[in-house]
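Dear colleague,

Please find below the structure that I promised to hand over. My notes on it follow, for you to read alongside the coordinates.

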Amino acid sequence: MKFLIITIFPDFVRSVFEFGVLRRAVEAGLISYGVVDPRDFTEDRHRTTDDAPYGGGPGMVMLAEPLYRAISALREEHGAQTPVIYLSPSGMPLSQGLAEELAKLSEVRGRKSEEAKDPALPDCEASTEPDQSSDSTLQTSDIRLPTPALILLCGRYEGIDQRLLDEIGAREVSIGDYVLSGGELAAMVLVDAVARLLPGVLGNEDSSGTESFAGRGDGAKLLDWPHYTRPEIWRGRRVPEVLLSGNHAKILSFRENAALLLTFRRRPELLSAELRQRAESLLDSLQGRDAAEQP
Ligand code: ADE
């Protein structure tokens, strides 16, 4: 999966790919990225990317034309259908479901290609053209599809000229009901949430399957259960006894109950009526039990 980010703060965005999971994913060729500065698509001496809003009011609005040119250049290189996501507080909320949907684009449109293994991908220089050799024995499954790409458009100030968003058919996504000073942090949240779902990105393939919001197969989305590590007693606080028992069935049941109760207490709206009922019965059955035994 290739993340193509349009921002007036390219260094800020690049820095996020230099640490942790994202860095390792880039080095392993599982993801790649390109960063484009709309200032490079201006023609005036000041490299202007914004202007005052029509109709008056505070702040500035990003100009349509430099962004249009930046998007057109990216789509020319990476495919005319490359989706554009505009990060904005007015967008549809980013959820685990949306992250999963975006991660699936990589299954539909491409396989891990040789090209994506190039860790040095500088700003959009790597070609994503299909490399269809003249080998007549080529199987359909051998045809190298272009690496799927997502264009992430980061606004600043009051936002972006609406006509640009309409013209390119941008999908608007918000990371929460608060206003950031720009779309960059939101874009990086989206990149992180999507990248870690791609095959191979998390060392342990199980890791993304059991945590908060991961579906449990029955459609339920629960918060994660609590985790413990050494020492067994820390400042007088013991690890729940069952986790030391080695009984995997009991451990799983304890964890599932803990996840259900935590979700019931903190985010009851995530639970179906049936699961809420189950949490209530569980609470009843736990009444009077030793605190150490309670999930
Ligand atoms: N830009 C500013 N605030 C934002 C938010 N909450 N989500 C996405 N993009 C934004």
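In this predicted model, the largest nonpolar core has 33 residues, and those touching the most other members are Phe3, Phe17, Ile31, Leu152 and Leu190. At least two residues of this core come from each of the strands β1 (2–6), β2 (32–36), β5 (84–93) and β6 (149–154) and from each of the helices α2 (20–27), α4 (96–109) and α6 (184–195). The largest share, eight residues, is supplied by α6. Another core, of 18 residues, lies apart from it; Tyr86, Ile151, Leu153 and Leu164 are among its members. As background, nonpolar side chains in soluble globular proteins tend to be buried together.

I turn next to the sheet. It is open and consists of five strands in the order β2-β1-β6-β5-β7, with parallel pairing. Its edge strands, β2 and β7 (171–174), each pair on one side only. On average, and with direction ignored, neighbouring strands are turned by 35° against each other. Helix α6 packs on this sheet, where it touches β1, β5, β6 and β7, and its direction makes about 155° with that of β6.

Strand β1 may be followed to both of its partners. Five bridges join β1 to β6 in parallel, and β1 also pairs with β2 in the parallel sense over five bridges. Lys2 stands opposite Ala149 in β6 and opposite Ser32 in β2. In general, the strands of a sheet pair through backbone hydrogen bonds, either parallel or antiparallel.

A separate point of interest is the pair of helices α8 (residues 248–266) and α9 (residues 273–286). Their axes are 10 Å apart, and they pack at an angle of about 110°; α8 and α9 are therefore roughly perpendicular to each other. On the α8 side the contact is made by Asn257, Leu260, Leu261, Phe264 and Arg265, and on the α9 side by Leu275, Arg276, Arg278, Ala279, Glu280, Leu282, Leu283 and Leu286. By type, the residues of this contact divide into eight nonpolar, one polar and four charged.

With a relative accessible area of 0%, Leu261 is buried. Leaving aside residues up to four places away in sequence, Leu261 touches Ala279, Leu282, Leu283, Leu286 and Pro295. Leu261 and Leu282 are 21 residues apart along the chain, and their C-alpha atoms are separated by 8.2 Å.

Lys104 and Leu198 are 94 residues apart in sequence, with 8.1 Å between their C-alpha atoms.

Yours sincerely

Note on methods: Residues are numbered from 1 along each chain as its sequence is written. This is a predicted model: local features need pLDDT of at least 70, side-chain atom pairs count only at pLDDT 80 or more; totals for chains, interfaces and linings use all residues. Side-chain values use heavy atoms; hydrogens and water are left out. Helices (H or I, at least four residues) and strands (E, at least two) are DSSP runs, numbered from the N terminus. Buried means under 20% relative accessible area, exposed over 50%, partly exposed in between (1.4 Å probe, protein chains only). Contact means heavy atoms within 4.5 Å. A nonpolar core is a set of buried Ala, Val, Leu, Ile, Met, Phe, Trp, Tyr and Cys residues joined through side-chain atoms within 4.5 Å. Axes are lines fitted to C-alpha atoms, for helices over the stretch in contact, and angles run from 0 to 180 degrees between N-to-C directions. Angles under 35 degrees count as roughly parallel, over 145 as roughly antiparallel, 65 to 115 as roughly perpendicular and the rest as oblique. Ala, Val, Leu, Ile, Met, Phe, Trp, Tyr, Cys and Pro count as nonpolar, Asp, Glu, Lys and Arg as charged, and the others, Gly among them, as polar. Two strands pair if DSSP finds at least two bridges between them.
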